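Hi,

Here is the structure I promised to pass on. Have a look at it first, and my notes follow below.

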Amino acid sequence: MSDIGVEQKTLQGAAQEVRTEWKGATEEQLVYAGILDKGMKLGLAILVVTFLVYVFGILEPFIPVEDLPKYWGLPVGEYLQQTGIPTGWGWVGLLGNGDFLNFIGIAVLAGVTIVCYLPIIPVFRRNRDTIYATIAIVEVAVLVLAASGILHVGGH
Amino acid sequence: MCRWSSRVWLLFSVAFMAMAVAGPALATGEPQPVMEGAASTAPWWVWPLALFVVTFLLGIVAVLGGVGGGVLFVPIVGGFFPFHLDFVRGAGLLVALAGALAAGPGLLKKGLADLRLALPVALIASSAAIVGAMMGLALPTNVVQIALGVTILGIVGIMLMAKKSEYPDVKQADALSTALRINGIYHEPSSGQDINWKIHRTAKGLAMFVIIGIMAGMFGLGAGWANVPVLNLMMGAPLKVSVATSKFLLSITDTSAAWVYINQGAVLAIMVVPSIIGIMLGSMVGVRILAKTKPAAVRYIVITMLLFAGGRALLKGLGI
């Protein structure tokens, strides 16, 4: 039988595979879970520490805390206009401020899912699971697009 | 334990009613549909502290009521705190995201959340959530408020009417789910059995996630209230798999929408951090209470709260 024939037979067999006994989570599921667990804990830890730095005034915030009530009731467009805060990844340039320091933890929490996808793509490819490898690649592209800051919203 | 949970309820009721009464007064003195709290007279630290207390209590209620934190957070904080709805929705997404990230690893390792079921659904929902987030930030606030109010009242309807099926009867997997090999097995500790499952109506179910994703992104609600009925009742996944996969799914859907809010500046650390910590601590307490109480009555309290908060969002949107 040719290589193509063997591959087709393997794929057909895989497509018809129905597990009948619980043998634990799949390899890709465990890989994903492991990274998610570490990333989530790291993000939360950073969030707590940076928030303490912020509220105890260890690093001066970009917007003084006592001025916050003037801004938090505004629509986001007006808030950005009045404070001069940049959109997109502009917050990276403000990390020296206590309030924007918190964005590190927020970015870790919002970014960990993207990282989780990366190591499962080779697992799918190794298992010749082309459809799921493609789904994972496209998902990474979608999440990176969302995170990139390329998408702009016409504010209200 | 009963006495203790009664005290928690009393505390919650007092806090909730205090926010209901004092919120608008502290914020501006009168209900304002668009400028929620630009002229708050309370010292700045009162609101983050109140946010922490309320989200802690919401965390307890969410676990006992079997709902996600985001669905309670947005209408209640949006209705009774001085923050603009843009920031509330940004914080709501991050609250729902943090809860989903925290639950995800355990659910995946136990095999309750299923990656093969989640990945195609997540791709559709997360793409739609980006569109929803952009729409939410582009539309006038009163339009979003009205839509939010209607949605919350709709969720109340779903909670009251939707049935659940522990093990839906799926006679035959459809062609799409067979091609994608969306099937699985999990161990049910209560019966000691291994439960085999498969799904059907996959294409219709996936199409539903376009709408769910848009709503999740637009309102920052999380979407467990919609994910579970579609996965369980429409697609035929067992209830436990549906609930767990839905929770895990939020970690992907809310990631895409959260980035849109972060990049548009609609995230305030002073709101996000106390909310995330409050709701997570509350959830931990809620899980402990859940083990020793019957939460059936709590579900009706959650429904009442949503009814109240949804009604308020609708009235704010209409400028009433």
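Chain A has six helices and zero strands, with helices (H or I, at least four residues) and strands (E, at least two) being DSSP runs numbered from the N terminus. Along the sequence that reads α-α-α-α-α-α. Keep in mind that this is a predicted model, where local features need pLDDT of at least 70 and side-chain atom pairs count only at pLDDT 80 or more, while totals for chains, interfaces and linings use all residues. Residues are numbered from 1 along each chain as its sequence is written, and chains are lettered from A and ligands numbered from 1 in the order in which they are written.

Of the 156 residues in chain A, 34% are buried (20 or more other C-beta atoms within 10 Å of the residue's own, with C-beta atoms placed from the backbone).

Now the contact between the chains: 61 residues come from chain A and 66 residues from chain B, counting two residues as in contact if their C-beta atoms, placed from the backbone, lie within 7 Å. On the chain A side, H2(A) gives the most, with 12 residues.

Then there's the largest nonpolar core, with 153 residues; a core here is a set of buried Ala, Val, Leu, Ile, Met, Phe, Trp, Tyr and Cys residues joined through C-beta atoms within 7 Å. Helix H4 (residues 85–109) of chain B gives the most to this core, 16 residues. Leu94(B) is one of the residues that touch the most other members. Leaving out residues up to four places away in sequence, Leu94(B) touches Ile106(A), Ala258(B), Val267(B), Val272(B) and Ile276(B).

Cheers

Key. Buried ≥ 20, exposed ≤ 12 C-beta atoms within 10 Å, placed from the backbone.
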